[in-house]
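Let's take a look at this chain together.

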Amino acid sequence: MMQELLMAAAGAAAAAAVYAGAAARVVKQYERGVVFRFGRLRDDIRSPGFTMIVPVIDRLHKVNMQIVTMPVPAQEGITRDNVTVRVDAVVYFKVVDAADALVRVEDYKFAVSQMAQTSLRSIIGKSDLDDLLSNREKLNQGLELMLDSPAMGWGVAIDRVEIKDVSLPETMKRSMARQAEADRERRARLINADAELQASKKLAEAAGVMSDQPAALQLRLLQTVMAVSAEKNSTLVLPIPVELLRFLERATPGSAASEAEQAPTAPAVPPPSLTPLTPLSAPLSEAYLKGRAAAEEAVEDLTGSSVEPTHRDADT
């Protein structure tokens, strides 16, 4: 009898051990346990640690509650300004309700992936190329809102969405490079023209000061000489126009040229002319012609021009 009791106790212990092994479950810290009894969802969600279920009757499903990083395959689309681009992104999400993640959707990871791809293509069609390249924060927020609305019904919360890369055609890249180069050249020309305008205004003011004070030009000349001589040059060639020296000489008060310009000019003396002679008598014609020829030569030597005869002699 005792032996039979011992064998029954050993059998019961073995059955209990088998039952405990079949019913015992361990839920990790980052997981939650969802129990289905005869296919029906149990309300109690098993927390991390050791837990027990009814073998054969209950089914325990573990759901990962960690943040999942899911890359979105590159999607090719046409932007609002008719540019073909390829955009890829990454989605960060996590399960907030383990029961909904198992019951409401067949595979929540696949569902989030497909929703992310369709939302990304929609964002590409609604955006301009400049927004995709420079205004990504706004696009990321819009994409997150588009994903978060249906995902909440699946027990999934979208943590964040980031657009990783925007691929452009080679022709578009060259066009953008030329545009950027032309814009920089335009700005450089505007800056150069503005500098020339300011310099011309300053030069005009300097010219006005020098015209009022001629000595300022001489001081500027001396400054130029000093600046050039500071370079330790052995030879200094400084061409000065003669007109500039004459201008300085006239502008300096008390100079000989200034006094000569201010002195009144004497009236020009006309060259002497011969007074017409009266006709002589026949005996004096030869002496008259000799004297007249000598007088014409003397006037020609003085004035440098010949004297035309004022009348023709009747006797000759």
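The crossing of α3 and α5 is right-handed, meaning that the near helix is turned clockwise from the far one by less than a right angle. Helices here are DSSP runs of H or I with at least four residues, strands are E runs of at least two, and both are numbered from the N terminus.

Before going further, know that this is a predicted model: local features need pLDDT of at least 70, side-chain atom pairs count only at pLDDT 80 or more, and totals for chains, interfaces and linings use all residues. Residues are numbered from 1 along each chain as its sequence is written, and side-chain values use heavy atoms, with hydrogens and water left out.

Two packed helices are described by the angle between their axes and the distance between the axes. Helix α3 covers residues 108–126 and helix α5 residues 136–151; they pack at about 140°, with axes 10 Å apart. That makes α3 oblique to α5 (under 35 degrees is roughly parallel, over 145 roughly antiparallel, 65 to 115 roughly perpendicular, and the rest oblique). On the α3 side, the residues in contact (heavy atoms within 4.5 Å) are Met115, Ala116, Ser119, Leu120, Ser122 and Ile123. Their partners in α5 are Leu139, Gly142, Leu143, Met146, Leu147 and Pro150.

## A buried glutamine

Is Gln75 buried or exposed? Gln75 counts as buried, because its relative accessibility is 9% (buried means under 20% relative accessible area, exposed over 50%, partly exposed in between, with a 1.4 Å probe and protein chains only). You'll find Gln75 in strand β6, residues 68–78. A polar atom of its side chain lies 3.1 Å from the backbone oxygen of Pro73. Leaving out residues up to four places away in sequence, Gln75 touches Val85, Arg86, Val87, Gln117, Leu120, Arg121 and Ile124.

Most residues other than glycine have a negative phi.

## The whole chain

Now zoom out. The chain has 10 helices and 8 strands, and 21% of its 316 residues count as buried. Among contacts with a separation of 6 or more, 63% come from residues 24 or more positions apart.

Note on methods: Axes are lines fitted to C-alpha atoms, for helices over the stretch in contact, and angles run from 0 to 180 degrees between N-to-C directions. A polar contact is a pair of N or O atoms within 3.5 Å; within protein, one must be able to donate a hydrogen and the other to accept it, and residues adjacent in sequence count only if both atoms are side-chain atoms.
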